[in-house]
Amino acid sequence: MSERETEGERIDLRSDTVTMPSDRMRAAAADAPVGDNVYGEDPSVNDLEATAAERLGTDAALYVPSGTMANQTAARVHTERGQEAIVEAESHVVRYENAGFAQHGGLQTRPIDAGDGAVPSAAQVADAFVADDLHRPGTGLLCLENTHNAKGGLVAAPDAIEAAAEAAHERGVPVHLDGARLANAAVAADEPLAAFTTHVDSVSLCLSKGLGAPIGTVLAGSEAFVERARGVRKLLGGGMRQAGLIAAPARIALTENVERLADDHANATRLAAGLDDLGGLRAATPETNIVLVDTTAAAVDAETFVERCADVGVLGGAMDAETVRFCTHLGIERADVEAALTRIAAVV
Ligand SMILES: *Cc1c(COP(=O)(O)O)cnc(C)c1O
């Protein structure tokens with residue numbers, strides 16, 4: 001039995017945001033050359049932004065404090081107040097960003113249910129589009145999400161993104177890709193990050209989730225887009241000064257922690273299979289690092305199941321009344337997954 005199994009150390013599967021910076025990241029922070037990033041003079045931030053642009057296949061990139069700020073900034077740059085944004089119905093910008101599209105952008109969201117897919121189809125985008133006229137300000141943005149968080153880390157392949165994006169572009173509508181977990185999608189699809197960005201006008205990538213950086217997201221696109229995004233970042237209060245202290249470890253996350261996401265995916269697959277085998281719980285095989293567990297057949301609601309798991313030191317989160325989310329990440333090894341399964345078996 002592993003130490004964690006015998007000693008009852010807690011196994012934190014709430015989110016990949018709980019990942020801790022490595023010793024190498026802490027050393028990089030301590031040694032980072034810094035300057036005033038609002039003046040564009042922080043070498044470590046500039047280095048991170050150049051590296052991110054290269055990996056994402058864009059002309060430029062901007063380091064922002066959070067994924068939420070990246071999405072909100074992109075929406076402000078692409079749209080005018082009063083326009084509509086086509087969004088997937090259960091996407092992060094709809095569920096978890098405090099209605100920021102409405103509050104910061106003055107946007108009306110038009111939610112589309114992509115069903116089994118992570119992103120809407122071309123036909124759905126075409127249907128959702130509205131032209132501007134006397135009564136309507138028109139569609140100003142299509143916002144996609146990859147991987148899709150609320151759908152259990154579902155991957156949109158590059159061609160699905162292309163189809164949706166082309167349907168928007170044919171109508172003169174720009175496209176933002178919320179790629180908080182785009183690195184997970186890239187590893188799962190065995191494609192480079194840049195394969196997903198060819199047809200979008202901007203893309204965000206969280207460095208502080210599975211990639212393990214302590215803080216930050218990159219927002220990437222054309223030079224003109226990033227120039228305008230820099231101004232919106234300042235407007236939203238995201239102008240950072242000696243940010244090289246966090247950019248240096250974030251660069252390590254981007255350059256060294258992408259390939260290892262495959263381990264998280266394998267661990268998530270094992271966790272889902274083990275939970276499904278317990279009887280009562282239903283967990284489909286995940287495509288990436290997010291396991292959604294349906295508790296309906298176990299005759300227990302999600303909140304209660306989460307509490308029972310917490311009692312035995314396994315942490316997860318309730319997504320809705322009967323769905324629990326577990327997320328694997330670089331702080332979780334295979335032995336932790338096995339220990340979590342043993343402990344959960346004792347409580348169901
Ligand atoms: C986490 C997440 C974000 C926001 O990131 P924060 O850094 O927590 O603001 C945006 N989109 C998706 C899909 C996410 O999972």
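This is a predicted model: local features need pLDDT of at least 70, side-chain atom pairs count only at pLDDT 80 or more; totals for chains, interfaces and linings use all residues.
**Entry 1: a lysine to start with**

I began at K209 and found it buried, since its relative accessible area is 13% and the cut-off for buried is under 20%.

Next I asked myself: where does K209 lie? I traced the chain and found K209 in the loop between β7 (202-206) and β8 (217-221).

Setting aside the neighbours within four places in sequence, I saw K209 in contact with D16, T17, T19, A180 and R181.

I also checked the UniProt record. This unreviewed entry places the feature "modified residue: N6-(pyridoxal phosphate)lysine" at K209.

**Entry 2: the sheet**

With β7 and β8 already in view, I turned to the sheet. In which order do the seven strands come? I read them off as β2-β8-β7-β6-β5-β3-β4, an open sheet with mixed pairing. I found β2 (60-64) and β4 (108-112) at the edges, each pairing on one side only. On average, neighbouring strands here are turned by 20 degrees against each other, direction ignored.

A reminder to myself: the strands of a sheet pair through backbone hydrogen bonds, and they can do so parallel or antiparallel.

I picked one pair to follow. Strand β3 (residues 84-88) runs parallel to β4, and five bridges join the two. Within this pair I located E88, which stands opposite I112 in β4.

**Entry 3: a helix across the strands**

Which strands does helix α3 lie across? I followed residues 43-56, which make up α3, and saw this helix lying across β2, β7 and β8. Helix α3 runs at about 125 degrees to β2.

I went through the loops next. Which two residues does a cis peptide bond join? I found that bond between N146 and T147, with omega at about -5 degrees. T147 sits in the loop between β5 (139-145) and α8 (158-169).

A99 has a phi near 55 degrees, and I placed A99 in the loop between α5 (92-95) and α6 (100-103). D190 also has a positive phi, about 55 degrees, and its place is the loop between α9 (182-189) and β7.

Are these two buried or exposed? D190 counts as exposed, because its relative accessibility is 70% and the cut-off for exposed is over 50%.

Key:
Residues are numbered from 1 along each chain as its sequence is written. Side-chain values use heavy atoms; hydrogens and water are left out. UniProt positions are given in the numbering used here, feature names are shortened, and annotations may be inferred rather than shown by experiment. Helices (H or I, at least four residues) and strands (E, at least two) are DSSP runs, numbered from the N terminus. Buried means under 20% relative accessible area, exposed over 50%, partly exposed in between (1.4 Å probe, protein chains only). Contact means heavy atoms within 4.5 Å. Two strands pair if DSSP finds at least two bridges between them. Axes are lines fitted to C-alpha atoms, for helices over the stretch in contact, and angles run from 0 to 180 degrees between N-to-C directions.
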